[in-house]
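Work through the exercises below with the structure open. Try each task before you read its solution.

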Amino acid sequence: MAKKKNDGYLSAKESRRISRENRKITNAYEKARKRKNVPESEYLTTMHDPNNAVEFDNLHSYFFTDTGVVRAVDGVSFNVPIGKTVGVVGESGCGKSVTSLSLMQLLQRPQGQTVEGEIRLNIGGDKAYDVTKAPNSVMQKLRGNYVSMIFQEPMTALNPVFRIGEQIEEVLKLHDDDHRTEEQFKARTIELLEMVGIANSEGVYRMYPHELSGGMRQRVVIAMALACNPRIIIADEPTTALDVTIQAQILDLLRQLKNKTNSSIMFITHDLGVIAEMADYVVVMYAGRVVEKGTAEDIFYHPAHPYTIGLMNSKPVVGKKVDELYSIPGKVPNPINMPKYCYFRDRCEMCVEQCSGEYPKEIQISDTHFVSCYRFDGKEAK
Ligand SMILES: Nc1ncnc2c1ncn2[C@@H]1O[C@H](COP(=O)(O)OP(=O)(O)OP(=O)(O)O)[C@@H](O)[C@H]1O
Ligand code: SF4
Ligand SMILES: [Mg+2]
């Protein structure tokens, strides 16, 4: 039996015990979250820098599953400045989506819970809310008005049995504080469709999702996300389902819209090419942690973490002939059972002596550039 456990298998009894314990933990979180009339003072906070739209500060979001606790996001800190685009990169499963879902408070509950850390959301007028402590009623107001999300697959965000116009109007009505008339709702919907580059806006207004192409649908989803002029747009792989020409159009569109409204974009993708085109700042995640962050220039011209260097090397370059594309050897550690040392050590080709120690702390190597790696120990920027 013991051998089986070492192989990663769990007995039914063990699994039942874990799920019982987890249920106790998640019930306590859910109870706290469902409280009514939570005073604002409990989630009111101040931004550490008022030029930021969002500050993730030591965020821990876990999933309490029957096989154990998945530490999907395990101490993530980075900022999204107002009017800037922050690209979040990292391989599949590293916690990019869980980070953004934590900001929206849309983790799959009750298993998914933010257990530690703050996410400060700048709501203007020197005020900020810590969304990890905000109750559901407040989150409902913040979603759409302050933060909205463009999902990867437009068909899952659209309801196939309602016309496009109705679906956008529903978003507007949900957040309407101005008591607009039906005509005003329609006018705003048409305006939004035109803003995202849909020429036949009156026609599309009456169409069903299946009558549109993939690119058009993604434009509609973007129109919905922008309906209430959010300050932060989370774009989670918004173009992976599209072909490259449409992808370029959508990226252009997002850039234009961002400049027009001075909103911030948190752009999540595996595609370094897209990041190079879109991002002012880049955050590199690995196994639930930020391993490197800096300006796009820092990351592209001076990558410091061996994982980032590996990512750069695995990018195909036009005109450069190679026998085989580079891929980073090995695999990510099991998120239920993370090692005590650097999570990248088992795959790292640049290890130094200190790497056998505990997880490396974050080191600042320039005004804007941070890395968690022992290779930079003692090389901090003065
Ligand atoms: N509902 C869930 N229940 C249990 N574990 C989950 C759940 N959602 C995500 N996870 C786990 O959390 C970790 C992070 O997942 P996440 O979706 O954030 O990855 P990602 O970086 O967005 O990957 P991708 O690039 O594939 O979208 C993964 O190990 C995943 O298995
Ligand atoms: S700390 Fe060591 S093992 Fe980890 S990435 Fe840096 S060099 Fe590699
Ligand atoms: Mg994802």
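This is a predicted model: local features need pLDDT of at least 70, side-chain atom pairs count only at pLDDT 80 or more; totals for chains, interfaces and linings use all residues.

Residues are numbered from 1 along each chain as its sequence is written, while chains are lettered from A and ligands numbered from 1 in the order in which they are written.

**Exercise 1.** Find out how strand E4 is placed and which strands it is joined to.

Solution. Start with the term: strands (E, at least two residues) and helices (H or I, at least four) are DSSP runs, numbered from the N terminus. A residue is buried if 20 or more other C-beta atoms lie within 10 Å of its own, with C-beta atoms placed from the backbone. Five of the five residues of E4 (residues 85-89) are buried, so the rest of the structure largely encloses this strand. Next, look at directions. Thr-85, Gly-87 and Val-89 point one way, Val-86 and Val-88 the other. In a regular strand the side chains alternate between the two faces of the sheet. Now the partners. Strands pair if DSSP finds at least two bridges between them. E4 runs parallel to E9 (residues 264-268), with four bridges. Here Thr-85 stands opposite Ile-265. E4 also runs parallel to E10 (residues 281-286), again with four bridges. There Val-89 stands opposite Val-284.

**Exercise 2.** Which residues of helix H6 are buried?

Solution. In H6 (residues 164-174), they are Ile-164, Gly-165, Ile-168, Glu-169 and Leu-172. Seen down the axis, they fall within an arc of 120 degrees (taken from the directions from the helix axis to the C-beta atoms), so they line one face of the helix.

**Exercise 3.** Which residues come nearest to ligand 2?

Solution. Of the 14 residues around ligand 2 (C-beta atom, placed from the backbone, within 6 Å), the nearest are Cys-342, Arg-345, Cys-348, Cys-355 and Cys-373.

Terms used:
A residue is buried if 20 or more other C-beta atoms lie within 10 Å of its own, exposed if 12 or fewer, and partly exposed in between; C-beta atoms are placed from the backbone.
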